[in-house]
2 protein chains.
Amino acid sequence: MTATRRPNRGPRAAAANRAALITAAREAFSATGYDAPLTEVARAAGVGQGSLYRHFPDRISLALAVFKDSVADLETLAARPGTTLDDVLDLLTEQTIASTAFVDMVTLASASDPRVIEVRDRVGNLLAGTLPEARRTGRLGEDVTADDLLLAVGMLAGLLTRLPAAERRTTAERMWTLLRHGIEP
Amino acid sequence: MTATRRPNRGPRAAAANRAALITAAREAFSATGYDAPLTEVARAAGVGQGSLYRHFPDRISLALAVFKDSVADLETLAARPGTTLDDVLDLLTEQTIASTAFVDMVTLASASDPRVIEVRDRVGNLLAGTLPEARRTGRLGEDVTADDLLLAVGMLAGLLTRLPAAERRTTAERMWTLLRHGIEP
DNA sequence: CGCCCATCGGACGTCATTCTCCGGTTGGTA
DNA sequence: TACCAACCGGAGAATGACGTCCGATGGGCG
């Protein structure tokens with residue numbers, strides 16, 4: 001019955017294009033920021049704009065595909081027993097240095113989009129899970145919430161976006177020690 | 001000798017237009033951010049684009065005119081005897097809540113412009129002047145520099161830019177207590 | 001073997017913004 | 001009063017990004 005419509009030129013080229021787009025977008029987001037021109041992403045992926053917009057109707061769906069792994073990594077780490085708040089924040093910072101776009105997306109105007117909200121909530125939740133332990137061990141003030149932590153990372157990202165890539169790591173580390181000290185009791 | 005060329009239609013309309021442009025720009029920067037369309041500034045000032053670009057050849061010169069007062073206020077405050085680092089930071093934060101554009105300009109790409117560098121240095125210097133006292137009274141860690149403080153304000157501005165105006169004050173205060181705690185010894 | 005259709009790529013229309021150019025206006029001065 | 005230099009405003013060219021539309025392509029199925 002060949003009931004299911006099977007793509008013709010398809011499954012191969014389509015998947016390859018999709019993958020190429022994600023890779024190109026990851027680099028563009030990293031280099032240029034969340035605002036990177038999609039036109040440029042398509043060019044770098046060696047793909048027409050038509051294909052780009054077919055696979056990813058808007059910037060958000062492309063970004064979600066790019067950062068799917070990032071969130072998964074965070075969740076895996078947070079789920080592992082013995083993981084502390086510091087560990088999670090370290091990873092999140094590392095991701096932010098590599099590309100501010102993820103945090104940008106979650107903080108930006110697009111933050112009103114349900115898909116983005118879902119992602120932010122996931123990050124918020126996995127952060128929240130590590131808070132009690134951090135409070136017990138005196139690493140975190142009683143009045144600091146998961147929201148505060150997200151805002152702090154948002155601040156950091158907001159600064160890094162404007163910095164030339166070369167200075168990001170140094171600056172991020174300076175500011176991060178400052179923030180970490182700030183959230184202590 | 002009527003030696004000096006005197007403007008004809010001039011001194012009056014020109015000065016009024018200039019003032020109107022500065023006022024309009026201040027509002028636009030505050031509402032929309034440093035990226036506010038200059039076209040809109042001209043419209044709001046009731047002035048043609050030609051006049052805008054004649055008075056202020058580029059965005060930076062307009063912004064410098066707008067924020068001249070802000071820097072002056074900071075310097076006046078810092079020069080007053082008895083002023084502490086906290087006082088200066090409070091004013092700077094207040095200015096940032098009112099409009100992130102000032103800090104944006106100093107942090108952004110345009111930061112390579114000599115005129116902008118000069119302004120940033122002035123702010124850096126007046127901050128630096130209050131550091132010794134703050135260290136003595138235990139309000140500031142030994143290893144925190146004036147640069148760090150500028151970066152911290154830059155972070156805050158980076159976050160506020162992305163927030164709807166209504167949430168700015170609350171968020172700024174939360175993050176600011178966190179930062180202030182962070183710079184303590 | 002040849003048709004068919006899912007998929008491809010990029011040309012194109014739209015829109016927002018920047019900045020320039022130039023004909024028109026005005027008021028001080030002779 | 002009449003001239004004209006300085007100033008005015010806005011039309012519009014240039015740029016760069018977005019998102020759509022459509023003719024071309026080529027792999028699978030009959």
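Which pattern does chain A follow when read along the sequence? The answer is α-α-α-α-α-α-α-α-α, with nine helices and zero strands in chain A. Helices (H or I, at least four residues) and strands (E, at least two) are DSSP runs, numbered from the N terminus. This is a predicted model, in which local features need pLDDT of at least 70, side-chain atom pairs count only at pLDDT 80 or more, and totals for chains, interfaces and linings use all residues. Residues are numbered from 1 along each chain as its sequence is written, while chains are lettered from A and ligands numbered from 1 in the order in which they are written.

**Chain A as a whole**

- The C-alpha trace of chain A spans about 65 × 45 × 25 Å along its principal axes.
- Of the 185 residues in chain A, 35% are buried; buried means that 20 or more other C-beta atoms lie within 10 Å of a residue's own, exposed means 12 or fewer, and partly exposed is in between, with C-beta atoms placed from the backbone.
- Among the contacts in chain A with a separation of 6 or more, 63% join residues 24 or more positions apart; two residues are in contact if their C-beta atoms, placed from the backbone, lie within 7 Å.

**Two leucines to find**

- A:Leu21 sits in helix H1 (residues 10-32) of chain A, and it counts as buried because it has 24 C-beta neighbours inside 10 Å.
- Leaving aside neighbours within four places in sequence, A:Leu21 has contacts that include A:Val41, A:Val47 and A:Phe56.
- A:Val47 is 26 residues from A:Leu21 along the chain, yet their C-alpha atoms are separated by 7.8 Å.
- A:Leu77 belongs to helix H4 (residues 59-79) of chain A and is partly exposed, with 16 other C-beta atoms within 10 Å.
- Leaving aside neighbours within four places in sequence, A:Leu77 is in contact with A:Thr83, A:Asp87, A:Val88 and A:Leu91.

**Helix H9 of chain A**

- Helix H9 (residues 165-182) has 18 residues and reaches 25 Å from its first C-alpha to its last, close to the 26 Å expected; the expected span is 1.5 Å times one less than the number of residues.
- H9(A) bends by about 25 degrees at A:Thr171, the bend being the angle between axes fitted to the seven residues ending there and the seven starting there.
- A:Thr171 is also one of the buried residues of H9(A), which include A:Met175 and A:Gly182.
- The cover over these buried residues includes H5 (85-98) and H8 (146-160) of chain A, together with H8 (146-161) and H9 (165-182) of chain B.

**How the two chains meet**

- Chain B can be laid on chain A with an RMSD of 0.1 Å by a turn of 179 degrees and a shift of 0.1 Å along the axis, with copies superposed by least squares on the C-alpha atoms of residues with pLDDT of at least 70 in both.
- The two copies are thus related as by a two-fold rotation axis.
- The contact takes 20 residues from chain B and 20 residues from chain A.
- On the side of chain B that touches chain A, the largest share, nine residues, comes from H8(B).
- The copies meet through the same surface, because 100% of the interface residues of chain B are also interface residues in chain A.
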